[in-house]
Amino acid sequence: MNLSEKDQLYHWHPYTQHQTTGLLPAIVKGEGALLWDETGKEYIDAIASWWVNPYGHANKLVADAIYAQLITLEHVLFGGFTNEPAVRLSEKLLTLLPSNQKKIFFSDNGSTAVEVALKAALQYFYNQGEQRTKVIAFEDAFHGDTFGAMASSGITFFTEAFQGSLIHVDRIPVPVQGREGESLAQLEKLLQTGDYAAFIFEPLVQGAAGMVMYAPEALEALMKLCQAQKVFTIADEVMTGFGKTGKNFACDYLGVQPDMMCLSKALTAGAIPMALTTFTQEIFDGFLDADVNKALFHGHTFTANPTGCAAALAGLSLLESDEMQANIQRIHQKHLAFQSQIAQHSKVKTTRVLGVVFAFEIKTDNTESYYGNLRNKLYHFFIENGIILRPVGNIVYILPPYVITDQQLDKVYQIVERAIEMV
Ligand SMILES: *Cc1c(COP(=O)(O)O)cnc(C)c1O
């Protein structure tokens with residue numbers, strides 16, 4: 001049996017209906033934007049392995065930093081102790097984050113980063129003796145698959161089986177062009193009740209919804225309304241963080257600062273699962289008390305894992321390098337050129353670009369479901385042609401590692417154009 005066959009025997013994969021899923025390619029090696037499976041077939045990883053790997057697979061600098069940390073101190077508990085890589089990472093990150101972000105809480109993945117933010121928001125008001133138990137989120141948001149994160153997410157078939165077991169979240173429309181007023185009006189109405197602890201959002205780009213984009217000004221208006229009512233604003237930058245939008249963080253486009261931020265995915269250069277939630281001093285101070293019960297009783301075993309922090313430090317040094325910044329600009333320019341090339345195509349409905357994110361919608365007669373037939377046809381066409389892309393319904397997006405070469409990116413565009421012709 002090869003790896004793919006053994007995999008089918010042993011594994012339950014994420015977001016997978018195994019009754020209708022065949023053997024899955026077994027990836028055995030990666031380098032830069034490329035991956036190879038056990039048969040020797042080559043793939044271009046055009047979505048940076050679910051947006052986690054901007055600096056390329058098997059990056060030597062990251063690997064060396066991890067190895068050096070592993071043979072110095074691989075892990076130590078963060079309850080009652082601290083460690084050097086955690087301190088160095090936070091010191092560095094706080095110089096890059098919006099200036100009001102002062103405290104960092106570590107966890108393991110994007111969903112836990114969101115849970116921590118939601119729990120901190122809810123408990124902040126509990127500690128104050130104030131009744132604020134609800135949360136506001138965008139329609140079609142994605143914030144992860146644990147319960148709080150799931151409650152805040154809007155993609156129904158991800159969450160529908162669990163209705164009734166979720167915290168109370170009310171949704172407002174995403175302020176895409178033309179719906180800004182509607183979004184603002186609905187938020188205003190919700191806020192009148194005084195029931196809300198937080199408003200959570202993916203700033204500027206909703207990743208899992210299919211790279212839905214909206215303007216910084218629209219988000220600013222919503223955030224200002226919330227902040228006027230002291231409803232905490234939570235920027236979930238799990239996807240958008242670390243250069244994907246063309247700036248370090250999507251929040252860098254805003255004139256308003258969020259109260260909390262959630263970071264994961266590219267945080268550790270795609271090497272080690274880790275996440276963090278960042279806070280203003282004011283929120284942190286809301287947990288200070290002579291009474292121990294006012295503390296945030298939340299923690300994960302691998303919190304502030306030194307090896308993860310070392311990987312993150314290496315990742316940040318790569319992000320800040322001239323080479324990587326030039327790569328981000330280069331990809332952005334190429335996306336713009338490709339956008340103007342396909343925007344007028346009769347089968348292309350809409351196109352959008354921000355930073356290294358490119359997305360377009362294919363014109364279809366009926367509405368395509370998230371994992372519908374067109375999506376599956378496109379997905380398999382891309383895989384057959386050695387390109388890893390995961391369309392969302394009729395939306396195809398490209399979010400390549402920053403190290404992708406021009407030649408590799410051109411190949412991705414060519415296959416995408418052929419896919420448009422095919423449908
Ligand atoms: C992926 C993602 C999450 C969840 O992260 P996991 O590591 O998969 O738990 C949360 N928010 C956003 C915006 C994401 O893209």
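**View 1. Ile387, a buried residue in strand β15**. With a relative accessibility of 0%, Ile387 counts as buried (under 20% relative accessible area, where exposed is over 50% and partly exposed lies in between, using a 1.4 Å probe and protein chains only). This is a predicted model, in which local features need pLDDT of at least 70, side-chain atom pairs count only at pLDDT 80 or more, and totals for chains, interfaces and linings use all residues. Residues are numbered from 1 along each chain as its sequence is written, and side-chain values use heavy atoms, with hydrogens and water left out. Ile387 belongs to strand β15, residues 387-388; helices (H or I, at least four residues) and strands (E, at least two) are DSSP runs numbered from the N terminus. Leaving aside residues up to four places away in sequence, Ile387 is in contact (heavy atoms within 4.5 Å) with Ile44, Ala46, Phe382, Lys411, Val412 and Ile415. Leu34 is 353 residues from Ile387 along the chain, yet their C-alpha atoms are 9.4 Å apart.

**View 2. The open sheet that includes β15**. Here you can follow 4 strands in the order β1-β2-β3-β15, with mixed pairing (two strands pair if DSSP finds at least two bridges between them). At the edges sit β1 (27-31) and β15, each of which pairs on one side only. Strands β3 (residues 42-45) and β15 run parallel and are joined by 2 bridges. Look for Asp45, which faces Ile388 of β15.

View 3. Of its 30 lining residues, Thr16, Leu24, Pro25, Tyr379 and Arg390 are the closest to the centre. On a 1 Å grid over the protein atoms alone, a pocket is an open set of points with protein on both sides within 12 Å along at least five of seven lines, and lining residues have an atom within 4 Å of a point. At least two lining residues come from each of α1 (3-10), β3, α2 (48-51) and α13 (373-384), and α13 gives the most, with 5.

**View 4. Ser90 in helix α4**. Our last stop is Ser90, which lies within the helix spanning residues 84-96. Ser90 counts as buried because its relative accessibility is 13%. Beyond residues up to four places away in sequence, Ser90 touches Ile104 and Phe106.

Technical notes
1 Å grid on protein atoms, 1.4 Å probe; cavity = no way out; pocket = protein on both sides within 12 Å on 5 of 7 lines; lining within 4 Å.
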